[in-house]
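Please keep the sequence and the structure in view while reading.

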Amino acid sequence: MTDNLFPPREDFREVHYLTEEKVYEILSICEGKKDYSPLIRVIGRIFSSTDGLVQSFRKDKEQHPNTKEQHPNTKEQHPNTKEQRKTHQAKDEDKDEDDKERTTAMEQESEASASMEGATGSTENRLGPVEVSVDIEAVRRVYNRLLSNEKMESAFLNALVYLTPNVELDLTYLDVYDTNPDYLNIFIIVMENSSLHSPEYLEMAMPLFCKCMSKLPLPALAKLTCLWSQYSVEHIRRMMETFQQLITYTVISNVSDSLVNDDEGVVAATKCLKLVFYANVLGGDFDTGHNEEEEEEPPSSELTLQELLGEERRNKNGPRVDPLEKELGIRTLDCRRPLIPFEEFVNEPLNDVLEMDKDFTFFKVDSESKFSFQSCPFILNACTKSLGLYYDNRISMYSERRITALYSLVQGQQLNPYLRLKVRRDHIIDDALVRLEMIAIENPADLRKQLFVEFEGEQGVDEGGVSKEFFQLVLEEMFNPDIGMFTYDEFTKLFWFNPPSLENEAQFTLIGIVLGLAIYNNCILDVHFPMVVYRKLMGKKGTYLDLTDSHPVQYQSLKELLDYEGDVEEDMMITFQISQTDLFGDPITYDLKENGDKIPVSVDNRKEFVSLYSDYILNKSVERQFKAFRRGFQMVTNESPLKCLFRPEEVELLICGSRNLDFHALEETTEYDGGYNKDCHIIKDFWETVHSFGEEDKRLFLQFTTGTDRAPVGGLGKLKMIIAKNGPDTDRLPTSHTCFNALLLPEYDTKEKLKERLLKAITYAKGFGML
């Protein structure tokens with residue numbers, strides 16, 4: 001039968017599709033004659049034909065009867081199990097001991113969760129194996145055999161150039177995938193070519209091919225994503241790097257002043273990179289359970305002024321959901337740890353040339369006809385995204401001012417276009433609480449107006465500095481351990497909600513509003529929460545793994561319980577009842593399960609105990625406090641794209657800034673006043689002194705000068721610090737206005753005196769080091 005299908009002619013004109021055996025048969029003939037032109041012609045003809053490629057390398061047993069016998073190691077080459085993927089990942093990346101511990105913890109958590117809530121850990125369990133008709137392993141072996149020959153490589157390249165116009169026509173004008181799902185084989189086969197990242201492909205073939213792939217219908221894109229999610233880390237990384245190199249190559253090669261959003265090659269490659277990104281997410285450690293319940297406001301039947309004027313509120317139902325994400329039924333937030341770190345999907349050259357003001361316009365106004373890179377936030381760094389958020393916040397502030405002006409015209413109300421807070425320093429919490437609570441009840445939209453703070457009895461216009469001082473004072477008071485709202489861990493240097501706190505919910509709502517206002521008004525706060533707080537703000541519940549930084553002592557105890565190899569029930573004598581102490585030091589007990597005191601923890605149920613215990617510590621015991629806290633945060637941020645643009649660790653970066661301090665970048669952007677300039681002798685001495693400081697002293701200096709020991713998003717280069725002359729040589733210490741990031745520096749005679757005075761100022765400054 002094979003002879004009839006493929007008569008042994010040297011021109012092989014009757015070969016209409018390829019199998020692995022046929023390729024090797026032709027290759028053998030070519031090698032015998034030392035003439036590869038027949039195989040080159042066949043490759044060129046089949047790989048440039050949509051029909052020929054769709055029919056090639058099928059799993060069909062009639063076409064491919066001896067695959068298993070010939071290639072017994074197929075499974076090792078194409079790891080479809082979680083264990084095999086982890087093996088490849090271990091080879092692919094050097095992991096330290098902490099990393100291995102985290103992986104073990106994730107597996108334990110995943111198993112515990114699965115027994116409790118049906119959360120799943122691997123791609124296959126969620127989606128099942130993705131069935132395609134192409135024999136992927138056969139394709140890989142053929143490529144490996146042929147690509148070592150330069151003439152063969154040119155044949156594949158030329159064929160792809162000829163193939164793409166036909167594919168684009170098929171996908172643009174014919175519902176080709178709907179009538180033949182095997183059409184997807186073309187993309188599966190082409191993407192297995194390990195030479196796609198070479199300059200020839202990047203310049204000639206890949207932009208056209210990416211354009212074709214981006215035109216696939218949504219179900220096809222989802223199927224391709226699911227298939228790739230079951231590949232090894234090595235293969236996923238190769239595909240990611242191919243698209244990244246195409247984007248970088250195109251951006252760097254672009255000598256015109258045209259917008260990168262208008263470059264079809266970059267846009268198409270970004271859309272293709274999105275498939276690899278979601279495959280990377282799907283293939284990682286995944287948790288679709290443990291979601292916080294969203295509080296939905298009942299729809300109002302009253303017509304608002306905006307609706308009467310034809311101006312519906314922006315993002316009324318929250319931020320948009322990516323269609324592919326919706327089709328896959330996943331969220332990036334559900335991935336605890338992807339196969340490849342999220343940071344590797346960021347393309348810095350693209351971020352450097354992206355005009356965020358225009359991209360923001362496309363994202364908000366013209367998303368149907370113009371591509372916005374904010375629809376693929378994984379490719380943007382936190383600094384670029386924060387700029388997009390800044391534009392969104394400013395537009396929202398302008399919108400609120402406009403609506404307020406219209407209200408004043410229509411209803412005769414007093415014009416109040418800003419969120420004005422007038423507070424007394426001695427009663428800052430009470431005043432802020434009363435004012436913000438009234439606003440939250442009467443008109444929460446006012447929280448999205450631009451903030452202006454005024455301290456009673458003090459002159460001064462709030463241009464950002466007074467608001468910053470207000471935030472600092474509120475946080476300093478509310479995080480005071482004596483108040484009892486939060487507990488402080490001396491080891492981790494982090495705060496956590498105090499379960500038996502007697503403070504009412506309004507206090508926690510105020511903290512949430514303050515965090516939201518800080519993001520909204522572009523202000524960094526000196527707050528120290530564990531990462532689980534930001535995960536919970538974004539909609540996830542805390543789980544066992546989150547205890548690593550929030551409650552390290554409990555985490556270590558639970559880990560020892562999970563790892564214990566003896567008789568848990570006899571040796572540990574733990575039950576499903578736990579005890580804590582209240583504010584007065586009295587013990588209180590809590591049953592993790594009904595009649596928990598009568599249920600001993602054993603080897604069989606210890607994972608369930610760990611899951612329930614973690615749920616109690618991180619969720620149930622602080623449910624009242626955290627709900628109020630999140631409600632306050634969402635009052636300010638629920639209409640912003642925060643949730644769809646940022647991951648939890650990036651939200652922390654927005655609120656608290658970065659711990660990576662580059663003082664050389666700060667030196668480059670610092671401004672001078674009062675007679676100083678960058679060439680002054682004392683300024684040169686000053687920077688030499690600061691650069692010589694250790695890490696701790698640098699943080700103290702930053703805390704003294706700006707009110708926080710962290711850098712803003714984008715690094716210290718984004719911080720506008722001012723050094724002003726504060727008189728001639730003196731024994732006085734340097735002082736600072738933290739609200740303006742201003743350092744007042746006397747003109748000391750010697751470098752030694754400068755260093756001694758500066759160190760004393762930053763070491764002994766009380767509170768925020770403010771005047």
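## Paired strands

In strand β12, residue L744 stands opposite A724. The strand that contains A724 is β10, and there A724 is the bridge partner of D673. It should be kept in mind throughout that this is a predicted model.

Strand β10 covers residues 722-725 and strand β12 covers residues 742-745; the two run parallel and are joined by 4 bridges. Strand β10 also pairs with strand β9, residues 671-673, again in the parallel sense, over 3 bridges. In a regular strand, side chains alternate between the two faces of the sheet.

## Two helices in contact

Two packed helices are described by the angle between their axes and by the distance between the axes. How do helices α25 and α31 cross, and within what distance do their axes come? Helix α25 spans residues 505-520 and helix α31 spans residues 623-637; their axes come within 7 Å and cross at roughly 35°. The crossing of α25 and α31 is right-handed.

On the side of α25, the contact is made by E505, F508, T509, I511, G512, I513, L515, G516, L517, I519 and Y520. On the side of α31, the residues are R624, Q625, A628, F629, R631, G632, F633, M635, V636 and T637. Sorted by class, the contact of α25 with α31 has 12 nonpolar, 6 polar and 3 charged residues.

R631 forms a salt bridge with E505, and their closest N and O atoms are 3.4 Å apart. R631 lies in helix α31 and E505 in helix α25, so the pair ties together parts that are 126 residues apart in sequence.

Are these two residues buried or partly exposed? R631 has a relative accessibility of 29%, so it counts as partly exposed. E505, at 35% relative accessibility, also counts as partly exposed.

## Other salt bridges

How many salt bridges does the model contain? The count comes to 36 salt bridges. One of them joins R141 to E20, with the closest N and O atoms 2.8 Å apart. This pair links distant parts of the chain: R141 is in helix α10 (residues 136-146), E20 is in helix α2 (residues 20-33), and the two are 121 residues apart. R141 counts as buried because its relative accessibility, 10%, is under 20%. E20 is buried as well, with a relative accessible area of 1%.

The side chains of R424 and D431 also meet in a salt bridge, at 2.9 Å from N to O. Here R424, at 36% relative accessibility, counts as partly exposed, whereas D431 is buried, with a relative accessible area of 15%. Salt bridges can also join into a network, as they do for E343, K385, R647, E649 and E650.

## A residue in a loop

Where is E14 found? E14 is in the loop between α1 (2-5) and α2. At 36% relative accessibility, E14 counts as partly exposed. E14 and V42 are 28 residues apart along the chain, and their C-alpha atoms are separated by 9.9 Å.

Conventions:
Residues are numbered from 1 along each chain as its sequence is written. This is a predicted model: local features need pLDDT of at least 70, side-chain atom pairs count only at pLDDT 80 or more; totals for chains, interfaces and linings use all residues. Side-chain values use heavy atoms; hydrogens and water are left out. Axes are lines fitted to C-alpha atoms, for helices over the stretch in contact, and angles run from 0 to 180 degrees between N-to-C directions. A crossing is left-handed if the near helix is turned anticlockwise from the far one by less than a right angle, and right-handed if clockwise. Contact means heavy atoms within 4.5 Å. Ala, Val, Leu, Ile, Met, Phe, Trp, Tyr, Cys and Pro count as nonpolar, Asp, Glu, Lys and Arg as charged, and the others, Gly among them, as polar. A salt bridge is a side-chain nitrogen of Lys or Arg within 4 Å of a carboxyl oxygen of Asp or Glu. Buried means under 20% relative accessible area, exposed over 50%, partly exposed in between (1.4 Å probe, protein chains only). Two strands pair if DSSP finds at least two bridges between them.
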